Amino acid sequence: MNRFLWPLLGFIALVALLAVGLNLNPRDVPSPLVGKPAPAFALPVLAAPDKTFGPQDMAGKVWLLNVWSSWCVSCRQEHPVLVEFAKRASVPLVGLNYKEVRGDGESDMSKMSPEAEGKLARERADQWLSRHGNPYTLSVLDLDGRVGIDYGVYGVPETYVIDKAGTIRMKHTGPITPDVLGGKILPLIGELSK
Amino acid sequence: MKRLFLALCLALVAHLAPAGDAAPLAADPVAEKRLTKLSEELRCLVCQNQSIADSHAELADDLRREIRGMIQAGKSDKEIIDFMVARYGDFVLYNPPFKAATLLLWVGPLLLMVVGLAMLGRHLKQRNRRVTDDAPLSDEEARRAEALLNETKQP
């Protein structure tokens with residue numbers, strides 16, 4: 001009996017360890033930016049090309065920064081959740097349009113001028129928002145993805161919750177589901193808005 | 001023959017042409033070597049089992065471009081690594097630092113080995129004791145053993 005008990009216990013422990021390991025999401029990499037100030041930027045606003053927006057414009061407010069793009073398939077999946085959120089939202093939702101043109105994997109950037117890229121990006125982003133609904137207070141264009149790098153973006157969509165002091169309080173990688181919104185993001189917003 | 005040779009030359013030249021617009025740092029082999037070395041130590045977050053040097057993901061392209069820019073700006077290797085860690089966390093390092101969160105990662109294998117050696121030692125000791133403590137066969141047992149051995153000798 002005893003002879004088999006220990007190997008059996010060891011086996012059960014190993015299975016439990018592997019079960020937990022296999023159920024973890026490898027995309028869920030903890031962001032070092034949580035607890036740090038939101039990196040500054042000044043990017044052109046989608047709806048107003050001559051204006052720029054930066055995190056400093058939101059000082060004193062709790063807000064959400066959502067990274068999206070028209071070529072991003074999972075963004076389409078989370079979009080209805082964002083549209084629904086925006087209807088009842090008490091906080092601004094800013095869209096960071098990430099590499100709208102050069103991120104689609106098809107455009108040959110060596111043949112495109114920056115102006116042409118900006119124009120095409122606006123067209124595509126506008127078209128996508130008019131088709132699927134626009135939940136954003138405003139969107140900004142990160143054409144070359146540099147701001148994305150500063151925010152540690154590696155898989156669109158990603159969402160950041162930023163507090164009144166401009167500190168990132170939460171990062172969610174991947175599409176926002178109603179569960180994530182109701183279970184994590186909304187409670188956090190409520191707490192931060194106090 | 002002469003025409004064939006010319007055609008061959010032209011074909012070769014055609015192959016060489018696109019190489020002209022390769023990486024801007026190619027002219028500087030030292031910098032290019034640093035870029036390769038650095039990007040081999042960094043994990044691409046899109047295809048997580050590839051380094052930034054190996055990955056063809058767009059993010060890896062962007063990050064190589066960023067590293068290239070930092071090398072040109074005269075940043076040290078440490079500054080470049082810190083830049084990546086500040087944005088993507090220790091996860092980007094194939095060689096993670098030793099700290100509380102990575103304790104199990106570093107010490108775990110050693111711990112397993114120590115436990116394994118201890119178990120092996122205990123097992124060997126027990127076996128040894130069993131072998132040496134064995135009392136000699138009693139007369140009855142000796143007779144049975146003899147009988148069994150004889151049995152197998154019969155054709």
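# Briefing on a predicted two-chain model

In strand S6 of chain A, Tyr160(A) is the bridge partner of Leu65(A). That pairing belongs to a predicted model, in which strand S3 (residues 63–68) of chain A is mostly covered, with six of its six residues buried. Chain A holds five helices and seven strands, whereas chain B has six helices and zero strands. Buried residues make up 34% of the 194 residues in chain A and 14% of the 155 residues in chain B.

**Strand S3 of chain A and its partners**

- S3(A) pairs with S6(A) in the antiparallel sense over five bridges, and with S4(A) in the parallel sense, likewise over five bridges.
- On the S4(A) side of this arrangement, Gly95(A) is the bridge partner of Asn66(A).
- In a regular strand the side chains alternate between the two faces of the sheet.

**Overall form of chain A**

- Along the sequence, the elements of chain A follow the pattern α-β-β-β-α-β-α-β-α-β-β-α.
- The radius of gyration of chain A is 20 Å, well over the 16 Å that the globule rule gives for 194 residues, so the chain is more spread out than a compact globule.
- Taken along the principal axes, the box filled by the C-alpha atoms of chain A is roughly 80 × 45 × 30 Å.
- Of the contacts in chain A between residues at least 6 apart in sequence, 76% join residues that are at least 24 apart.

**Helix H1 of chain A**

- Helix H1 (residues 2–23) of chain A has 22 residues, which at 1.5 Å a residue should span 32 Å, and the distance of 32 Å between its end C-alpha atoms agrees with that expectation.
- H1(A) is hardly covered, for the count of buried residues among its 22 residues is zero.

**Backbone features in the loops of chain A**

- Most residues other than glycine have a negative phi, and most peptide bonds are trans.
- Lys99(A), although it is not a glycine, has a positive phi of about 45 degrees; this residue lies in the loop between strand S4 (93–98) and helix H3 (114–132) of chain A.
- Is Lys99(A) buried or exposed? With 27 other C-beta atoms within 10 Å, Lys99(A) is buried, because the cut-off for a buried residue is 20 or more such atoms.
- The peptide bond that joins Val156(A) and Pro157(A) is cis, with omega about -5 degrees, and Pro157(A) has its place in the loop between helix H4 (146–150) and strand S6 (158–162) of chain A.

**Chain B: helices and domains**

- From the N terminus on, the elements of chain B run α-α-α-α-α-α.
- Chain B is divided into domain 1 (24–97) and domain 2 (101–153), and the C-alpha centres of these two domains lie 52 Å apart.
- Among the contacts in chain B with a separation of 6 or more, residues 24 or more positions apart account for 35%.

**Two residues of chain B**

- Arg64(B), found in helix H3 of chain B, counts as buried, with 21 C-beta neighbours inside 10 Å.
- Once its neighbours within four places in sequence are left aside, Arg64(B) is in contact with Leu35(B), Ser39(B) and Ile52(B).
- Arg64(B) and Arg34(B) are 30 residues apart in sequence, and their C-alpha atoms are 11 Å apart in space.
- Phe98(B) lies in the loop between H4 and helix H5 (103–133) of chain B, and this residue is exposed, with 10 other C-beta atoms within 10 Å.
- Phe98(B) and Arg43(B) are 55 residues apart along the chain, and a distance of 17 Å separates their C-alpha atoms.

**Contact between the chains**

- The contact takes twelve residues from chain A and 13 residues from chain B.
- On the side of chain B that touches chain A, the elements that give two or more residues are helix H3 (58–72) and helix H4 (77–88) of chain B.
- The residues on that side of chain B divide into seven nonpolar, two polar and four charged.

Key
Residues are numbered from 1 along each chain as its sequence is written. Chains are lettered from A and ligands numbered from 1 in the order in which they are written. This is a predicted model: local features need pLDDT of at least 70, side-chain atom pairs count only at pLDDT 80 or more; totals for chains, interfaces and linings use all residues. Two residues are in contact if their C-beta atoms, placed from the backbone, lie within 7 Å. Helices (H or I, at least four residues) and strands (E, at least two) are DSSP runs, numbered from the N terminus. Ala, Val, Leu, Ile, Met, Phe, Trp, Tyr, Cys and Pro count as nonpolar, Asp, Glu, Lys and Arg as charged, and the others, Gly among them, as polar. The radius of gyration is taken over C-alpha atoms; the globule rule is 2.2 Å times the number of residues to the power 0.38. A residue is buried if 20 or more other C-beta atoms lie within 10 Å of its own, exposed if 12 or fewer, and partly exposed in between; C-beta atoms are placed from the backbone. The expected span of a helix is 1.5 Å times one less than its number of residues. Domain bounds come from an automatic or database domain assignment. Two strands pair if DSSP finds at least two bridges between them.
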